[in-house]
Amino acid sequence: MASIKELHQQITSKQRSSLEITQEYLTTIERLEPQIKSFLCVTKELALETAQQVDEKIARGEEIGILEGIPIAIKDNMSTKGIPTTCASRILENFIPSYESTVTQKLRDQGAVILGKTNLDEFAMGSSTENSGYQVTANPWDITRVPGGSSGGSAAAVAANECVVSLGSDTGGSIRQPASLCGVVGLKPTYGLVSRFGLVAYASSLDQIGPFGHTVEDTAILLQSIAGYDSKDSTSLKVEIPDYTRSFSTDLKGLKIGIIKETFGEGLDDIVAQTVDRAVEELVELGAIVKEISCPRFRYGLPIYYIIAPSEASANLARYDAVKYGIREESENLLEMYTSTRAKGFGAEVKRRIMLGTYALSAGYYDAYYLKAQKVRTLIKEDFDNAFQDVDVLISPTAPTTAFKAGEKTDDPLSMYLSDLMTIPVNLAGLPGMSIPCGFDSQNLPIGMQLIGNVLREDVLFKVGYAYQQTTDWHSKSPSLR
């Protein structure tokens with residue numbers, strides 16, 4: 001697997017052309033997709049055209065940016081002009097946007113080679129990518145197991161070396177959990193750091209776009225390229241974007257790390273706990289100071305999320321009414337058209353969350369559920385604020401287990417929801433969180449460690465993650481695929 005910088009050096013030195021590199025990745029996609037099913041749409045012509053343009057710039061002696069000619073995959077809930085954007089839902093199977101999301105426009109402007117759109121749980125609702133309306137993505141480490149979700153397609157594509165890096169979105173762990181299960185790096189940035197314009201909304205106060213990569217360095221470079229203020233997004237932060245690679249260091253002397261006490265114990269696989277403990281010991285050897293930290297309201301994150309997120313989804317998904325775009329079931333009257341179209345177009349999990357959210361927002365229940373959930377959300381944020389008065393970064397396992405078998409939890413939604421137990425509180429507080437590979441279980445399935453930073457302190461996460469990867473090789477391992 002080649003990094004962004006390695007490929008950039010090869011292209012600029014004319015050792016290899018962008019066209020050659022792009023064709024190699026397209027060939028890998030063609031070979032592996034029958035078993036992995038990461039992509040819903042492969043944009044071969046666009047990719048080759050972009051690569052050709054990069055090579056022509058090189059031939060003219062022009063300088064190119066760090067992402068020019070680099071093959072990238074995009075989660076299929078980000079609007080791409082002229083390219084299908086389905087959110088893995090049948091209700092949008094014929095939708096081709098007339099506008100570009102801010103993040104994909106930035107990538108196009110920087111000459112990145114977009115290989116295609118990746119699979120996800122329908123409207124980003126799920127933890128296994130089994131809720132897709134089109135196909136089930138496999139985990140490259142064991143194709144009988146799930147890659148996690150909802151950004152399972154983007155995580156699996158990086159793990160299988162079908163692209164160099166990719167973009168996903170994270171509402172309750174949908175970047176970090178699949179990163180853990182697929183053995184790659186995945187970052188959810190601070191809420192508002194990356195524009196959400198053109199990201200199809202699930203839960204607007206929680207959704208955030210972020211990068212996947214094999215290394216911390218690659219994810220830092222990709223974040224650098226997509227972060228920044230956007231006037232089209234009312235939640236976008238007006239902050240200066242630093243050079244994240246300047247935070248890299250192999251010396252963590254004096255850095256204070258807090259282990260979240262509430263993330264260890266019942267429900268956590270022993271092998272996951274032991275592996276994360278060993279990873280923390282590595283950080284101590286690099287000079288970090290470790291102490292146990294209590295976030296007493298952390299455990300309320302899961303029930304709070306499943307009130308707030310479905311409530312926001314209920315409002316956001318009301319727009320799919322068969323009138324403006326998407327599929328339409330012809331009916332005798334307007335109400336019947338609404339109901340028959342939504343019944344056919346939405347999958348079971350999406351319907352379940354719409355119903356939950358509509359109930360929580362209904363008259364007589366708003367104060368009892370939604371309003372109370374928002375108050376507890378504030379308390380969860382206060383726990384994090386208190387923790388960051390004592391430490392620089394918090395650590396927990398990313399997921400309570402390694403990748404589970406496909407179909408194992410599809411009949412038990414509550415069991416599936418527990419997959420995001422460790423990640424959800426980070427979204428509720430709007431903080432940055434990153435999962436990095438830290439080992440494998442006895443079945444050679446990856447295990448991830450979650451690093452949580454204070455608001456806009458992605459640089460601290462990159463510093464810790466980079467230092468860890470300089471002394472370990474978990475990130476350099478690849479699954480055996482034929």
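Start with the contacts in the chain: among those between residues at least 6 apart in sequence, what percentage join residues at least 24 apart? It comes to 77%. Keep in mind that this is a predicted model.

Now the overall build. The chain has 15 helices and 11 strands. Along the principal axes, its C-alpha atoms fill a box of roughly 65 × 55 × 45 Å.

Next, burial and surface. Of the 482 residues, 59% count as buried. The accessible surface is about 18,400 Å². Carbon and sulfur atoms account for 49% of that surface.

How many cavities of 30 Å³ or more does the structure hold? Two.

The largest cavity has a volume of about 40 Å³. Its lining includes Gly 126, Ser 127, Gly 172, Gly 173 and Ser 174. Tyr 305 and Tyr 306 line it too, along with Ala 124. Arg 353 and Asp 420 are also in that lining. By class, the lining of the largest cavity has three nonpolar residues, five polar and two charged.

The second largest cavity holds about 30 Å³ of space. Leu 181, Ala 399, Pro 400 and Phe 404 are among the residues lining it. Gln 177, Thr 401 and Ser 419 line it as well.

How values were computed: Residues are numbered from 1 along each chain as its sequence is written. This is a predicted model: local features need pLDDT of at least 70, side-chain atom pairs count only at pLDDT 80 or more; totals for chains, interfaces and linings use all residues. Side-chain values use heavy atoms; hydrogens and water are left out. On a 1 Å grid over the protein atoms alone, a cavity is a set of points where a 1.4 Å probe fits but cannot get out, and a pocket is an open set with protein on both sides within 12 Å along at least five of seven lines; lining residues have an atom within 4 Å of a point. Grid points are joined across faces, edges and corners, and a volume is the space filled by probe spheres set on the points. Ala, Val, Leu, Ile, Met, Phe, Trp, Tyr, Cys and Pro count as nonpolar, Asp, Glu, Lys and Arg as charged, and the others, Gly among them, as polar. Helices (H or I, at least four residues) and strands (E, at least two) are DSSP runs, numbered from the N terminus. Buried means under 20% relative accessible area, exposed over 50%, partly exposed in between (1.4 Å probe, protein chains only). Contact means heavy atoms within 4.5 Å. Accessible areas come from the Shrake-Rupley method with a 1.4 Å probe; for residues, only the protein chains shown count as cover.
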